[in-house]
Amino acid sequence: MRTGKKWAISFVCLFITILIAVGAFMVIVDPYFHYHKPLENIGYILDNERYQNNGIVKHFDYDAIITGSSMTECFKTSDLDALFGVNSIKVPFSGGSYKEVNDNLKVATEYNPNIKMVVRCLDAMRFFDDKDYLDYSDYPTYLYDDKLINDVSYLYNKQILLVALQNVIGFNKQGKIELSFDDYANWNNHYTFGIESINANYKRDTIVPAEEMIPITEEDYATIDANIEQNVIALAKEHPEIDFYIYISPYSIYCMDYWYQLGELERRLLAERHIIELLLPYENIHVFSFNTAYDTVCNPDNYRDVAHHSGAVNTQILQWMREGKYRLTYDNYEAYCEEEWNFYMNYDYDSLFE
């Protein structure tokens with residue numbers, strides 16, 4: 001009996017020792033930056049937005065942020081840094097709602113008092129989302145709160161442990177791997193662009209065209225008001241020291257055709273106009289929309305599908321922002337909206353498919 005009791009005690013002690021060792025290893029390596037910024041002698045890799053973005057905004061050194069949906073994944077922070085003289089990070093959320101993006105920005109402002117610039121895309125696909133909409137049910141919430149008990153899911157997660165081991169092995173085999181926000185989530189080199197790629201993703205002949213345009217409703221306006229106020233304007237009001245460069249995602253002419261066929265185009269254009277009017281009163285919000293940059297949005301070579309443009313367009317957007325081109329103000333937004341309306345509501349979309 002004594003031998004069995006000693007064996008049991010030894011096993012428990014060994015098990016506890018292993019738990020402590022694994023937990024300590026995870027805290028030290030910290031592949032998702034939950035506890036600290038990257039260590040100099042570890043080969044970290046940026047490759048998991050919803051697991052790493054929270055830690056990035058908490059612990060990295062920066063004074064500017066690029067964020068938004070997948071439309072922002074091909075931005076290069078080196079472009080923003082060179083154009084505006086900042087030290088930026090990129091924290092995109094593929095498919096992210098306005099709330100998800102804004103929640104991460106709020107964490108950033110809580111942890112970093114040095115932020116002076118935010119470049120943010122308002123994805124037009126999200127115009128009519130509820131203010132509290134989140135697209136993911138399996139969210140790693142244990143990385144997004146300050147409850148230590150939740151960290152068990154991080155410290156003793158087999159998949160994350162493998163990532164941590166890969167970080168260490170990667171350093172030992174290859175030397176230090178430089179973290180690159182230019183490359184983080186950047187899919188530009190993994191796709192082809194042009195009319196063939198668009199046609200492979202957009203089957204116009206499967207759409208039953210609407211007989212007339214769907215009108216925008218008062219309920220739509222109320223939904224937009226709540227979403228923009230909570231997830232865009234509120235943070236800008238709380239932080240007048242931060243300049244928010246906010247732009248509407250420039251979808252291709254083929255997306256405009258898609259909305260036109262569905263009878264959605266009028267509703268979408270009116271929603272954009274309303275959002276612009278909501279944002280204009282705030283001096284630290286710089287509003288941009290590029291739908292009248294026709295050489296860009298009407299050129300299929302810039303797109304891999306009806307919505308997603310190439311990294312070259314992301315670079316162009318930052319250059320336009322630096323030059324103040326396509327910026328909307330009280331003096332010019334009505335003319336912009338009228339030009340946009342006349343162009344897209346009267347476009348000969350059939351000619352795109354001849």
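Reply: Contact, or touching, means heavy atoms within 4.5 Å. This is a predicted model, where local features need pLDDT of at least 70 and side-chain atom pairs count only at pLDDT 80 or more, while totals for chains, interfaces and linings use all residues. Residues are numbered from 1 along each chain as its sequence is written, and side-chain values use heavy atoms, with hydrogens and water left out.

Me: Is Thr296 buried or exposed?
Reply: Buried, with a relative accessible area of 13%. Buried means under 20% and exposed over 50%, with partly exposed in between (1.4 Å probe, protein chains only).

Me: And where is Thr296 placed?
Reply: In helix α11, residues 294-297. Helices are DSSP runs of H or I with at least four residues, strands are E runs of at least two, and both are numbered from the N terminus.

Me: New topic: how many residues of α4 are buried?
Reply: Ten of its 14, so α4 is mostly covered. Among the buried ones are Tyr98, Lys99, Glu100 and Val107.

Me: What covers the buried residues of α4?
Reply: The cover includes helices α2 (49-59) and α8 (218-238), plus strands β1 (64-68), β2 (88-92) and β3 (117-122).

Me: What span should α4 have, at 1.5 Å a residue?
Reply: 20 Å, and its end C-alpha atoms are 20 Å apart, which agrees. The expected span is 1.5 Å times one less than the number of residues.
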